[in-house]
Amino acid sequence: RGGARAQSGGKMASTAAGKQRIPKVAKVKNKAPAEVQITAEQLLREAKERELELLPPPPQQKITDVEELNDYKLRKRKTFEDNIRKNRTVISNWIKYAQWEESLKEIQRARSIYERALDVDYRNVTLWLKYAEMEMKNRQVNHARNIWDRAITTLPRVNQFWYKYTYMEEMLGNVAGSRQVFERWMEWQPEEQAWHSYINFELRYKEVDRARSIYERYILFTALVLVHPDVKNWIKYARFEEKHSYFAHARKVYERAVEFFGEEHMDEHLYVAFAKFEENQKEFERVRVIYKYALDRIPKQDAQNLFKNYTIFEKKFGDRRGIEDIIVSKRRFQYEEEVKANPHNYDAWFDYLRLVESDADAETVREVYERAIANVPPIQEKRHWKRYIYLWINYALYEELEAKASKRTRQVYQACLELLPHKKFTFAKMWLLYAQFEIRQKNLPLARRALGTSIGKCPKNKLFKGYIELELQLREFDRCRKLYEKFLEFAPENCTSWIKFAELETILGDIDRARAIYELAIGQPRLDMPEVLWKSYIDFEIEQEEYEKTRNLYRRLLQRTQHVKVWISFAQFELSAGREERLPRCRQIYEEANKAMRSCEEKEERVMLLESWRSFEEEFGTDATKERIDKLMPEKIKKRRKLQAEDGSDAGWEEYYDYIFPEDTANQPNLKLLAMAKLWKKQQQESEAAAMDPDKDIDESQT
């Protein structure tokens, strides 16, 4: 009851105190920052330093009797036990405790502590190692064996246990026991180093056969279980055999390795090691075979070391031919990689084929050609086929010229012509090359059939020309006439064909047919080069000395065009006609041309005509005619005109030359003004000269 009153009294007192007013905190008058600022880091560092200073050094204890020793042991054990009880999982506390007991030669107590620690964390590797080391240091061999057995049974994947265990047995001279531990270890298929440790162990005791059997087991694991499918393991096995002078066994190991890895997982290191082994055995031909076999199958980017070693080998033991073979092989690998990366890179195929043709047999060359022509352009457009078609051409030429196989050459040409999409485009070159090949084989019907098929399927100017040229060489003129007729039906606007046809008839002496062909040609509504055709017709009539017909041709041509070159050519024809009236006729042509050219907008052409006329008069004319033509020559003046850009804005001014002809009545005022301007300029120059030389003016006035 008294306690309850006291509690209620306390509550009332606290309530009364809560109702009281809390005194106000004194206000800080100076709120400016202190001159020396102290950071939190400085405060902490200073506190730490003072803490260290304040800690007194532990007192030195001197134990003088057994009771003090027991007391000391009791206190230390209590401290260790307290630490363990606070945190059982901290293994360092257990290890320190056991090592302290070991230092006191309390082995049984230390063993008990280790066992208690293993109950807490049996996966701790350090704990097992410290436990076993303690037993070994105290010469407790059987206890140490027991601990290692428990460790490798509990944690078989910890290699350190196995290494320590085997090392201990070997140091004790127990070779059989160490071998037994290794065998137990190998059952777990450990890493590579474990196998090599076992092999080295056997080699230390000169047990070569046992070491070989271990290698065989290891290689068998790599082949079947694929634990370590690595080339270096096979190489180590072979070098082991080579080191112990079992050369036949070493060669067999290399051969088994090559067979095991096959062509899918080829590694250059294996072949380099194999080749060097054979080189040490003076088997140089076997070395070459190994290098060539590897180089033909390993990609270029993975065979750099292989190439390097092969080159060194050939320089040491080979001849010039062998070194050239290396270079060829290297370039062949480069081209193979290029065509694999881009099969439609036809330039790479050309380089590859050129290399193969220079240093390979016919079957290899044919194989590369077949691979190349198999890469048909995916788009049926002629620009994509222009490089590709030369693969077929080179293939056919190789079969004909190098391989001397006419039957295969014919098959190549026929296959190419069947492949081409003739409805969209064709290559006249292929048809003509095929026809020429058949002619070289003295098979004229097949050549004619090929060219006839080409004209029927895909007529082209080049095909007609090639066919006509073939028949001309064979002197089959009737066939040439038929071909020209077909050609002109196909392309009536081709002036060159008309001219060649007419020239053929001229050569054959049929002038009327030639003239009729020319007449048909100039009567065509559309021609690609009419000026060439008219010139050829005129030259034809001049050669036949048909001057009247030539004049009529010139007149007919002038009805179609008033070009200045036609007038000049007409005048020169009249001049070269060779008659007495040639000069009047020529002058008359120039007169007509001048009159006709007055309405021409191209003043340069009229000037060209007048210059030609003046040249004629200077050579054949009189003074009167020369004076007359000089009066007809125009005045050349410089003018300016305004330029406009494409968007219509002003682009400035440009200067150009214009011609004013005296004959034009509209230009008479301009000529008069131009003459007055020239006279005024001359007077200005004379007055300026007089002002510069006054003595000359005085002498002239006295005179």
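Mentor: Start with α29, which gives the largest pocket eight residues of its lining, the most of any element. Helices here are DSSP runs of H or I with at least four residues, numbered from the N terminus. A pocket is an open set of points on a 1 Å grid over the protein atoms alone where a 1.4 Å probe fits, with protein on both sides within 12 Å along at least five of seven lines, and lining residues have an atom within 4 Å of a point. Keep in mind that this is a predicted model, where local features need pLDDT of at least 70 and side-chain atom pairs 80 or more, while totals for chains, interfaces and linings use all residues. Residues are numbered from 1 along each chain as its sequence is written, and side-chain values use heavy atoms, with hydrogens and water left out.

The space in that largest pocket comes to about 470 Å³ (the volume filled by probe spheres set on points joined across faces, edges and corners). Its lining has 20 residues, and if you want to find the centre, look for E531, W534, K535, L557 and V566, which lie nearest to it. Besides α29 (530–543), the elements giving two or more residues to this lining are α30 (547–560) and α31 (564–575). By class, the lining holds eleven nonpolar, four polar and five charged residues (Ala, Val, Leu, Ile, Met, Phe, Trp, Tyr, Cys and Pro are nonpolar, Asp, Glu, Lys and Arg charged, and the others, Gly among them, polar).

Now hop over to the second largest pocket, with about 340 Å³ of space. It is lined by 17 residues, and D296, R332, E336, Y352 and R371 sit closest to its centre. At least two lining residues each come from α17 (320–341), α18 (346–358) and α19 (362–373). α17 is the top contributor, with six. Here the classes run to seven nonpolar, two polar and eight charged residues.

On to how some helices pack. Helix α6 (residues 125–137) sits against helix α7 (residues 141–154) at about 160 degrees, their axes 8 Å apart (axes are lines fitted to C-alpha atoms over the stretch in contact, and angles run from 0 to 180 degrees between N-to-C directions). So α6 and α7 are roughly antiparallel, the label for angles over 145 degrees, while those under 35 count as roughly parallel. Their contact (heavy atoms within 4.5 Å) joins W128, L129, Y131, A132, E135 and M136 of α6 to H143, A144, I147, W148, R150, A151 and T154 of α7. Those residues split into nine nonpolar, two polar and two charged.

Next come helix α14 (residues 268–280) and helix α16 (residues 304–317), whose axes come within 9 Å and cross at roughly 15 degrees. That makes α14 roughly parallel to α16. From α14, E268, Y271, V272, K276 and E279 meet Q304, N305, L306, N309, F313, K316 and F317 of α16.

Last, take helix α21 (residues 389–402) and helix α23 (residues 428–440): their axes come within 11 Å, crossing at roughly 10 degrees. α21 is therefore roughly parallel to α23. I389, Y390, W392, I393 and E400 of α21 make the contact with K429, M430, L433, F437 and R440 of α23. By class that is seven nonpolar and three charged, with no polar residues.

Technical notes: Parallel < 35°, antiparallel > 145°, perpendicular 65-115°, else oblique.
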